[in-house]
Amino acid sequence: MARRWAERCKARNHGYRHRARYLRRGYRRGSRDWRDALPISEQNLMRRALRWLRNALLGLAAIIVIAALVIYVRSEQIVRRTYAEPLAPIAIPTDSASIAEGMRVARIRGCTGCHGSKLEGQMFVDDPMLARLASPDLTIAAREYSDAELVRIIRRGVRPDGRSVVGMPSDMFSQLDDRDVGMIIAYLRSVPPSAGQRRGLRLGPIGRVGVAAGKFLPAAAEARRADALSSSYPRGGDSTARGAYLARTVCTECHALDLGGGDGTPDLRIAAGYSLERFVLLMRTGKALGDREVGLMSKVARGRFSHFTDGEIQALHAYLKARAAAPQPTPAPK
Ligand code: HEC
Ligand code: HEC
């Protein structure tokens, strides 16, 4: 028994001695591992550093996976959320004058800009990183949805299944009056059916981050946000009420809910610098003061605002001048 112990200790000591010799020598001769060519202390340091790096990378990978999962789940929750908005039926006219007027109103509000001139639909956003989102064929929607369901989609951004549409300026459309919405729907129902773009939304990674961070709100959430800010919406007095309504349901899409501008658009007090004649020219041809082309503004003027009547342009101009002269309310939070 004692001998066995002694032998074992010897063997062990021999092992230590062997290793000690090897350590003294500094490195193993003939080793192919480059790290073995380093002095022992540096070898250890290097191993420790590599181990640390590996752990750090594993930790980072874990954080990325968890963050991606959280963003995915959160964005799905937001997109799939349902909104309890009551159906509010309104009268839908059927006469041809109302249908023609509905087409004009729809053009000015940009329905045909996003959904196509024959309402056939188109790809609205097509960027694999951001999203793939269709502005669907509205002739299909007009056959599938009831009048009250169409009203709710337009004004509240809510589909029959309670989920929200994405990408429609429902915050602005929530301000449309019954007459205009009724005529728009009369027009939608009058357009011959086409089998155009089907509805569909697929979020890309950047789109998901934007949705999860609350940067892109579903239309129904935007409409509710607009309710909360409605005191900042343009209001006119008796003589400028028509112009205020037009500004609220057309210009707020880009010039912000309170017409205070932002995101590359100016505060519409700028319109006070326009004579009526120059304002008419801007609305009809897109030419700003000094005969300037002003990007998107010139485009929407030619495509949409050229359908305003003379009376509407006058009303808008009168309202915007009155607004610029009035003391400014504190700007609404954007
Ligand atoms: C800025 C672009 C834009 C404008 C302006 C716009 N829409 Fe849309 N609309 C969309 C997009 C995008 C969708 C699809 C949203 C989705 O699938 O979540 C949509 C969806 C719809 C739907 C639901 C269609 C379906 O098949 O479920 C209806 C109805 C609709 N829009 C009507 C209108 C009307 C009426 C107007 C004008 C008053 C209008 N839209 C203006 C972009 C727009
Ligand atoms: C689709 C977006 C969009 C809509 C809707 C829109 N605007 Fe603009 N508007 C712009 C942009 C963008 C600019 C800044 C253009 C630039 O300076 O390049 C602008 C600039 C202007 C200017 C200043 C032009 C100048 O002298 O530089 C006026 C005035 C104006 N808009 C009036 C209106 C009125 C009135 C409405 C509603 C009938 C309206 N806009 C609706 C995007 C829009």
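In what order do the three strands of the open sheet stand, and is their pairing parallel or antiparallel? The order is E1-E2-E3, and the pairing is antiparallel. With that as a starting point, here is a walk through the chain, keeping in mind that this is a predicted model.

## The chain as a whole

The chain holds 14 helices and five strands. Of its 334 residues, 30% are buried.

## The three-stranded sheet

Let us return to the sheet of E1, E2 and E3, which is open and antiparallel. E1 and E3 are its edge strands, each with a single partner, so one side of each has no neighbour in the sheet. From one strand to the next, the twist averages 15 degrees. Strands of a sheet pair through backbone hydrogen bonds, in either a parallel or an antiparallel sense.

E1 covers residues 122-127 and pairs with E2 over five bridges. The two strands make a hairpin, with three residues between them. Within this pairing, Met-123 sits opposite Ala-134 of E2. On its other pairing, E2 is joined by three bridges to E3, residues 201-203, and the two run antiparallel. Here Ala-131 faces Leu-203 of E3, and Arg-132 stands opposite Arg-202 of E3. E2 is also mostly covered, with four of its five residues buried.

## Around ligand 1

Ligand 1 is surrounded by 26 residues, and the closest of them are Gly-110, Cys-111, Cys-114, Val-165 and Gly-167. Several elements each supply at least two residues of this shell: helix H4 (111-115), strand E2 (131-135), helix H5 (138-144) and helix H6 (147-156). H4 is the biggest contributor, giving four residues.

By residue type, the shell around ligand 1 divides into 18 nonpolar, five polar and three charged residues.

Just past the end of H6, Gly-157 adopts a positive phi of about 70 degrees.

How do H6 and H8 meet, and at what angle do their axes cross? The axes come within 10 Å and cross at roughly 115 degrees, and the crossing is right-handed. On the H6 side, the contact involves Asp-147, Leu-150, Val-151, Ile-154 and Arg-155; on the H8 side, Val-181, Ile-184, Ile-185 and Leu-188. Seven of the residues in this contact are nonpolar, none is polar and two are charged. An α-helix has 3.6 residues a turn, so residues three or four places apart point the same way. The H6 residues Asp-147, Leu-150 and Ile-154, all part of the contact with H8, can be viewed with that spacing in mind.

## The loop between H8 and E3

Ser-194 lies in the loop that leads from H8 to E3. Is Ser-194 buried or partly exposed? Ser-194 is partly exposed, because 15 other C-beta atoms lie within 10 Å, and a residue needs 20 or more to be buried.

Ser-194 and Glu-120 are 74 residues apart along the chain, yet their C-alpha atoms are separated by 6.1 Å. Leaving aside neighbours within four places in sequence, the contacts of Ser-194 are Lys-118, Glu-120, Asp-137 and Thr-139.

## Around ligand 2

Ligand 2 has 21 residues around it, and those that come nearest are Cys-251, Cys-254, Ala-288, Val-294 and Met-297. Two elements give two or more residues to this shell, helix H11 (241-255) and helix H13 (295-303). H11 gives the most, with five residues.

The shell around ligand 2 is made up of 16 nonpolar residues, four polar residues and one charged residue.

Notes
Residues numbered from 1 in each chain as written. Chains lettered and ligands numbered in written order. Predicted model: local features only at pLDDT ≥ 70, side-chain atom pairs only at ≥ 80, totals over all residues. Near = placed C-beta within 6 Å. Nonpolar A, V, L, I, M, F, W, Y, C, P; charged D, E, K, R; others polar. Buried ≥ 20, exposed ≤ 12 C-beta atoms within 10 Å, placed from the backbone. Pairing = 2+ DSSP bridges. Contact = placed C-beta atoms within 7 Å. Axes fitted to C-alpha atoms, helices over the stretch in contact; angles between N-to-C directions. Left-handed = near helix turned anticlockwise from the far one by under 90°.
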